[in-house]
Amino acid sequence: MCPPMSRSIVRQSKFRHVFGQAGKTEQGYDDIRVSKVTWDSSFCAVNPKFLAVIVESSGGGAFLVLPLSKMGRLDKNHPLVTGHTGPVLDIDWCPHNDNILASCSEDTTAMVWQIPDQMGTRPISEPIVVLEGHSKRVGIVTWHPTARNILLTAGSDNLIIIWNVGTGEALISMDDHPDLIYNVSWNRNGSLFCTTCKDRRLRVCDPRKREVVAERMAPHDGIRPMRAIFTRDGNLFTTGFTRMSQRELGLWDPTSFEEPIALLELDTSNGVLLPYYDPDTNMVYLCGKGDSSIRYFEITEEPPYVHYLSTFSSKEPQRGMGFMPKRGVDVSKCEIARLYKLHDKKCEPIAMTVPRKSDLFQDDLYPDTAGSDPALEPEEWLEGRDEDPTLQSLRDGYVPPKSRELKVAKKNVLDTRPTTRRSMSSCDGSANLPPQLVERLLEEVQNLKATVLSQEKRICDLENKLSKYTNGTA
């Protein structure tokens with residue numbers, strides 16, 4: 001009789017064989033002059049509709065926005081978004097509206113933009129709101145994960161400001177950092193955020209109490225810049241350098257900062273490791289500026305807690321990286337993540353895929369993920385309420401929202417594109433109009449609104465037909 005087989009010592013994980021694959025040449029975006037500004041942000045932001053890249057521009061700062069379907073060589077007449085008077089340093093798509101993007105710049109401002117589905121040929125130079133509150137360049141901009149219209153900015157004045165962009169007002173200001181802030185990351189429900197700073201401290205902040213609730217001095221011994229992000233269970237994942245300039249990653253419990261949960265040395269290189277985290281799979285992708293590889297790890301509750309999975313390698317070094325929200329991946333191909341790698345003059349999509357033979361929807365790979373509906377209004381969040389992200393199923397893949405109308409919030413400038421600004425005096429004469437004329441004007445306005453709505457519906461139907469043809473489903 002054969003002896004029983006020994007138990008396998010290989011760790012069981014459905015993500016153990018995830019592999020990365022670069023898109024074909026025709027699936028990339030060519031002739032993009034990526035910005036050469038020396039700033040450690042990702043220079044790229046992506047959502048299920050658009051790709052945005054910070055680009056070189058004369059006479060101020062600019063970024064490029066492309067519909068994801070517009071692959072290939074960039075049209076020389078494609079318009080830029082050109083509102084900043086200094087180089088753009090960071091951009092971030094709103095998680096609750098795929099047409100809204102925030103940017104920040106060396107000109108000390110942050111701006112919020114409404115990007116139309118049809119870009120036209122003229123540059124977009126009028127933001128819907130300009131946020132002025134910093135006295136030096138603004139290097140970080142990041143949206144709240146669950147509350148509508150809440151945006152955080154951090155500047156070289158060491159100030160963090162949280163805004164309600166629907167009204168353009170600053171809600172919270174924090175000056176707890178004595179030196180340059182390297183990065184800011186919200187936790188899953190947006191009740192806390194963590195920061196790394198040039199003073200080598202890792203901090204956890206409660207914005208509504210306006211206080212630092214936990215901090216750790218030098219989670220990495222080196223003096224080079226660190227990065228930190230929250231994981232879904234409230235721990236902190238960090239990247240930094242050892243005293244000997246080796247790159248290192250760490251996992252920390254912010255309720256007991258004395259010892260790390262895990263600390264792992266990687267290699268010797270100068271590039272700061274930018275972490276991109278997927279809470280659905282608990283995987284983190286590490287992309288170093290100047291590297292030509294992407295390492296990925298799985299975080300689990302069993303030792304050693306951070307498990308190395310594999311490395312995607314290519315020949316060209318990366319200038320920056322964009323990370324697609326989960327609702328934008330291709331579930332029919334078992335794609336669990338998609339990154340957009342910036343080269344000097346192009347952007348290349350890289351799909352991370354779990355090898356599966358079945359064509360059926362894989363429930364175990366795709367739990368319900370954060371959708372595009374906010375869980376809270378800004379006033380609710382400010383009063384102390386917390387909610388996890390509103391979830392959506394990926395079973396049918398990404399379906400663009402049928403309606404372009406945003407839910408109207410009080411004083412919400414995002415819901416209507418501002419018309420040309422007029423002085424108050426030019427509107428004062430309306431009170432003297434005869435009643436019959438007022439009625440006729442109101443009727444005309446109603447008729448125009450009805451026409452616009454019917455055209456919007458027609459555009460939606462045509463776009464859906466087009467997407468079916470391009471996806472080969474028609």
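This report describes an annotated repeat, a sheet, aromatic contacts and salt bridges in a predicted model.

In the model, the span 81–115 is 63% strand and 0% helix. The C-alpha atoms at the ends of residues 81–115 lie 9 Å apart.

An open sheet is formed by four strands in the order β12-β13-β14-β15, with antiparallel pairing. The edges of this sheet are β12 (138–143) and β15 (169–174); each has a single partner strand, so one side of each is left without a neighbour in the sheet. From one strand to the next, the twist averages 25 degrees. In general, strands of a sheet pair through backbone hydrogen bonds, either parallel or antiparallel. Strand β12 is joined to strand β13 (residues 150–155) by five bridges, and the two run antiparallel. Within this pairing, I140 stands opposite A154 in β13.

The model holds 10 aromatic pairs. One of them is edge-to-face: F297 and Y308, 5.6 Å centre to centre, with 65 degrees between the planes. F297 lies in strand β26 (residues 293–299) and Y308 in strand β27 (residues 306–313), so the pair ties together parts that are 11 residues apart in sequence. F297 counts as buried because its relative accessible area is 1%, whereas Y308, with 47%, is partly exposed.

Another pair, F361 and Y366, is stacked, with 5.6 Å centre to centre and 25 degrees between the planes. Here F361 is buried, with a relative accessible area of 18%, and Y366 is buried as well, with 4%. Elsewhere, Y276, Y285, Y296 and F323 form one aromatic cluster.

Aromatic rings also meet charged side chains. K289 lies over the face of F43, at 3.7 Å from the ring centre. R224 lies over the face of F241, at 5.0 Å from the ring centre.

**Salt bridges**

The count of salt bridges in the model comes to 21. The table lists examples.

| Salt bridge | Closest N to O distance |
|---|---|
| D117 and K49 | 3.0 Å |
| R203 and E215 | 3.9 Å |

In the salt bridge of D117 with K49, D117 lies in the loop between β10 (109–114) and β11 (129–132) and K49 in the loop between β3 (44–46) and β4 (50–55), so the pair ties together parts that are 68 residues apart in sequence. Both D117 and K49 are buried.

For the salt bridge of R203 with E215, R203 lies in strand β18 (residues 201–206) and E215 in strand β19 (residues 211–217), so the pair ties together parts that are 12 residues apart in sequence. R203 counts as buried because its relative accessibility is 5%, while E215 is partly exposed, with a relative accessible area of 40%. R203 and E215 also belong to a network of salt bridges that links D199, R201, R203 and E215.

How values were computed:
Residues numbered from 1 in each chain as written. Predicted model: local features only at pLDDT ≥ 70, side-chain atom pairs only at ≥ 80, totals over all residues. Heavy atoms only, no water. Pairing = 2+ DSSP bridges. Axes fitted to C-alpha atoms, helices over the stretch in contact; angles between N-to-C directions. Phe/Tyr/Trp six-rings, centres within 6.5 Å; stacked < 30°, edge-to-face > 60°. Buried < 20%, exposed > 50% of the residue type's maximum accessible area, 1.4 Å probe, protein only. Lys NZ or Arg CZ within 6 Å of the ring centre and 35° of its normal. Salt bridge = Lys/Arg side-chain N within 4 Å of Asp/Glu carboxyl O.
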